[in-house]
Amino acid sequence: MRELRVTPIKNGTVIDHIPAGMALKVLKILGITDESSDSTVSVAMRVTSKKSTLKDIVKVEDRELLEKEVDKIALVAPSATINIIQNFNVKQKYKVELPEVAKGILKCGNPNCITNLKEPVETEFTVVSKNPVRLRCVYCERELENIVDAIT
Amino acid sequence: MQFKGRDILSIKDFSKQETMHILKVAKKMVPAAKGKKRNESLRGKVLATIFFEPSTRTRLSFESAMSRLGGRAIGMADPEVSSLKKGETLADTIKMAESYADVTVLRHHHMGAARLAAKFSAKPIINGGDGAGQHPTQTMLDLFTIWTEKGKIEGQKVALVGDLKYGRTAHSLSYALSLFGAKLYFVAPPTLQMPKEVVDDAKVGRVRPKLTSDLKDVIGKVDVLYVTRIQKERFPDPQEYQRVAGLYEVDLGLLEEAKKDMIVMHPLPRVNEIHPSVDGTHHAKYFEQAFNGVPVRMALLALILGAVE
């Protein structure tokens, strides 16, 4: 029998199939590195998956993810799955999906873009390519060079 | 094709057919643009010109275009004393302009400003240049100049010369020319050569652009020489600037190697890129090009305000 490296959680969210090494970025997206966050979190990195590839897993107790958080995770971990756990059972399971337009979740990397001024508008990026992820700002039409750093 | 109520933000928002339609309408506007015919189709309409950056040609030609169609243009005297200095957002400035005018032309130093403005305005916004971004009406008047001078755009061999890295005019134009099936040559020193994403964009047509740093490579081949300004501030060393700028100067000697019917264009203002002795030759078309801003902008105003279809 395989030994479980991380014990099951009673209630919360399991983010599985994160590309190996990206778990810390997922934690950052979820704000778990902030002092204000009080969720219990377990992280497993470089775990062998059923497909014999390496993956990361993040388990967050007593918390369900917001739509924007899932959109952000899709940017850094397009292969991830989200499992919502209630009373030790998987209540819902789905794959993250890159939206056609990433709205309000990234900052444009172009300092001359109008969205970097104090205008009452959300940033918007069209997904030019899903694999690898390539995004283009709807406003300045520049391609975003560093997606991970641009996540707000 | 629907133009009424539409914004003019980026050349990429227009299909080849739509752009061609704009050029055809512009051609019909030429007599009125020259003041030889009266056109009152926009009588009672108001254009707001909101320019956060200085401009001579764009602003004057928009004001002229609106006047030639019987409309009026109102504008901000000086952005330095305007509400922006008082900390007003562009969104608020635009909402204000919307209540005073039927259409607004905006020039701003930040990229994407016009697209943002369009979100906040129910009335059409025309991008009059947004920093290093887009300047679609310039691209349209450039296409109009090539089309009227050469009879067609498809198949023309066009060399874009100068600062291709930072020049927004060259970026939008190369995309549009490629869409129309022109053959492109990008002539620039390696440090000022076209950015990769623009080269990629210029592959929308069937012909791949050719890159070179030597003007002499292409001068005998091309039908259109589109010259842009090499800005001094791009060079940390003034001597290096002098040397590079000298390599791309168009003068009578260079033109001896050109095709008889080759035309020279320039978005202006020029500094030293084209020697004044070229002005008197039949190659020089840059002043016609500057005039063409009027009929093209008349066509756009008339189309988006619904005076023509």
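In chain A, A:Pro132 sits in the loop that connects strand E7 (124-130) to strand E8 (133-137). The peptide bond leading from A:Asn131 into A:Pro132 is cis, and its omega is near 0 degrees. The model is a predicted one.

A cis bond is also found in chain B, from B:Leu268 to B:Pro269, with omega near 0 degrees. B:Pro269 belongs to the loop between E9 and H11 of chain B, and B:Leu268 is placed in the loop between E9 and H11 as well. The backbone of B:Leu268 has a phi near 60 degrees, a positive value in a residue other than glycine. With a relative accessible area of 14%, B:Leu268 is buried, since the cut-off for buried is under 20%.

A positive phi in a residue other than glycine occurs in chain A too, where A:Arg46 has a value near 55 degrees. This arginine, A:Arg46, is part of strand E2 (residues 41-48) of chain A. A:Arg46 is exposed, its relative accessible area being 52%.

**Helix H11 of chain B**

Helix H11 (residues 286-304) of chain B has 19 residues, which at 1.5 Å a residue should span 27 Å; the end C-alpha atoms are 27 Å apart, in agreement. The helix has a kink of about 25 degrees at B:Asn292, shortly before the proline B:Pro295. Of the 19 residues of H11(B), 15 are buried, so the helix is largely enclosed by the rest of the structure. After H11(B) comes B:Gly306, with a positive phi near 80 degrees.

**Cavities**

The structure has 2 cavities of 30 Å³ or more. The table sets out their volumes.

| Cavity | Volume |
|---|---|
| Largest cavity | about 80 Å³ |
| Second largest cavity | about 40 Å³ |

Which helix gives the most to the lining of the largest cavity? It is H11(B), with 5 residues. Helix H2 (57-68), helix H5 (136-150) and H11 of chain B each supply at least two lining residues. Among the residues that line the largest cavity are B:Arg57, B:Gln138, B:His266, B:Tyr286 and B:Arg297. By class, this lining has 4 nonpolar, 6 polar and 2 charged residues. Domain 1 (11-134 + 292-304) and domain 2 (137-289) of chain B both give residues to the lining, so the largest cavity lies between them.

The lining of the second largest cavity includes A:Tyr139 and A:Glu141 from chain A, together with residues of chain B, including B:Leu9, B:Arg115, B:Asp130 and B:Gln134. Helix H4 (113-120) and strand E4 (125-130) of chain B each supply at least two residues of this lining. Its classes are 3 nonpolar, 4 polar and 3 charged residues.

**Two lysines**

B:Lys260 is placed in the loop between helix H10 (252-255) and strand E9 (263-265) of chain B. B:Lys260 is exposed, with a relative accessible area of 70%.

A:Lys25 is in helix H1 (residues 23-29) of chain A. A:Lys25 is partly exposed, with a relative accessible area of 35%. The C-alpha atoms of A:Lys25 and A:Ile73 are separated by 8.5 Å, while the residues are 48 residues apart along the chain.

Terms used: Residues numbered from 1 in each chain as written. Chains lettered and ligands numbered in written order. Predicted model: local features only at pLDDT ≥ 70, side-chain atom pairs only at ≥ 80, totals over all residues. Heavy atoms only, no water. Helix = DSSP H or I, 4+ residues; strand = E, 2+ residues; numbered from the N terminus. Expected span 1.5 Å × (residues − 1). Bend = angle between axes of the 7 residues up to and from the residue. Buried < 20%, exposed > 50% of the residue type's maximum accessible area, 1.4 Å probe, protein only. 1 Å grid on protein atoms, 1.4 Å probe; cavity = no way out; pocket = protein on both sides within 12 Å on 5 of 7 lines; lining within 4 Å. Points joined across faces, edges and corners; volume = space filled by probe spheres on them. Nonpolar A, V, L, I, M, F, W, Y, C, P; charged D, E, K, R; others polar. Domains from an automatic or database assignment.
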